[in-house]
Amino acid sequence: MADVLLTHGYFLLEDEKELEIMKPYPPLGLLCLSAYLKSAGFSVEIHDSTFSSKQALLDRLRAGPAGVVGIYTNLMTRSNVIEIMTAAKNARWRIVLGGPESVNYTAEYLAAGADVIVVGEGELTLAALLPAIAKSGVHRRQEVPGIGCLDETGAEVRTEGRKLIEDLDSLPYPDREAIDHSRYLDAWKRHHGASSINLITARGCPYKCNWCSHSVYSYSHRRRSPRNVANEVQSIVERYNPDQLWYADDVFTISQPWLSAYAEELRARKLHLPFETISRADRMQK
């Protein structure tokens with residue numbers, strides 16, 4: 001049995017609009033968590049629900065053996081996550097949630113059956129939480145910063161916040177081999193004539209748009225080095241040979257000096273891939 005089963009509540013085949021658009025991307029956050037936990041000596045299983053069915057995930061949970069299941073949450077998957085949690089709880093799994101939705105509604109998700117909510121980045125917190133749960137259960141985890149949980153009386157406990165990871169270059173690349181990337185690449189190629197893969201060069205955003213959640217990374221902006229990102233792109237090209245990239249940063253073009261240095265790194269490797277990203281009008285230059 002793995003130390004943790006990581007999954008999410010998005011099922012592409014249940015989303016009529018997204019089936020029309022057909023631009024799916026792998027669950028990058030889960031792949032980052034998996035890579036870090038494996039580097040720290042944990043065993044990890046990922047159930048990528050994107051091309052799977054809800055029933056397949058529920059069957060996996062019911063089949064056991066029950067351990068710790070970590071579920072990524074966002075607004076779009078709220079109802080699915082509640083259903084997944086119910087099945088997991090009935091099968092005696094210990095449920096850990098992360099992502100913007102559960103952080104914003106900690107009390108509600110704990111009341112719905114979650115055992116622990118990760119508040120903020122998940123890598124360091126999960127690495128501390130998993131052995132703590134194995135040793136003494138899910139209650140009163142005050143020694144683990146960055147979580148919300150219930151004590152034995154049912155009262156909500158919120159521990160002190162965990163410091164954000166400063167050196168993003170110290171993190172391993174996402175655990176892409178843990179899932180079947182070919183399904184994503186093939187879907188893009190079949191529907192749009194070009195395959196695409198996602199990556200992220202930074203965490204957080206200093207801007208305060210009222211529609212955006214800052215519950216995971218706060219208002220920080222921490223960036224990987226241009227060389228580190230270019231090395232990952234080179235490894236992606238060598239392994240998957242995508243036709244284009246999706247930079248999933250909140251605002252990719254915040255730093256013009258960084259972009260210039262990054263472009264130089266790509267040129268040095270003769271990497272010339274089209275890409276999509278998100279930016280702001282005031283962070284663009286001609």
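Me: What counts as a helix or a strand here, and how many of each does the protein chain have?
Reply: Helices are DSSP runs of H or I with at least four residues, and strands are runs of E with at least two. In this predicted model, the protein chain has 10 helices and 12 strands by that definition.

Me: What makes the protein chain as compact as a globular protein of its length?
Reply: The globule rule is 2.2 Å times the number of residues to the power 0.38. For 286 residues the rule gives 19 Å, and the radius of gyration is 19 Å, so the chain is as compact as a globular protein of that length. Along the principal axes, the C-alpha trace spans about 60 × 40 × 40 Å.

Me: What share of the residues is called buried, and what share of the contacts joins residues at least 24 apart?
Reply: Buried means under 20% relative accessible area, and 52% of the 286 residues count as buried. Among contacts between residues at least 6 apart in sequence, 71% join residues at least 24 apart.

Me: Which strands form the open sheet of 3 strands, and how are they paired?
Reply: The order is β8-β11-β12, with parallel pairing.

Me: Why are β8 and β12 said to stand at the edges?
Reply: β8 (196-199) and β12 (275-276) each have a single partner strand, so one side of each is left without a neighbour in the sheet.

Me: Why is β3 described as largely enclosed by the rest of the structure?
Reply: In β3, 4 of the 5 residues are buried, so the strand is largely enclosed.

Me: Which strands pair with β3, and over how many bridges?
Reply: Strand β1 (residues 4-8) runs parallel to β3 and is joined to it by 4 bridges; Leu5 has Val69 of β3 as its bridge partner. Strand β4 (residues 94-98) also pairs with β3 in the parallel sense, over 5 bridges. There, the bridge partner of Ile71 is Leu97 in β4.

Me: Why is Met22 called buried?
Reply: The relative accessible area of Met22 is 7%. The cut-off for buried is under 20%, so Met22 falls in that class. Met22 lies in the loop between α1 (16-21) and α2 (28-39).

Me: Why is Asn241 called exposed?
Reply: Asn241 has a relative accessible area of 56%, and exposed means over 50%, so the term applies. The loop between α9 (226-240) and β11 holds Asn241.

Me: What makes the phi values of Met22 and Asn241 worth a remark?
Reply: Most residues other than glycine have a negative phi. Met22 is not a glycine, yet has a positive phi of about 50 degrees. Asn241 is likewise a residue other than glycine, with phi near 50 degrees.

Me: Why is the peptide bond from Gly64 to Pro65 called cis?
Reply: The omega of this bond is near 0 degrees, and the bond is cis. Most peptide bonds are trans. Pro65 is in the loop between α3 (54-63) and β3 (68-72).

Conventions:
Residues numbered from 1 in each chain as written. Predicted model: local features only at pLDDT ≥ 70, side-chain atom pairs only at ≥ 80, totals over all residues. Heavy atoms only, no water. Buried < 20%, exposed > 50% of the residue type's maximum accessible area, 1.4 Å probe, protein only. Contact = heavy atoms within 4.5 Å. Pairing = 2+ DSSP bridges.
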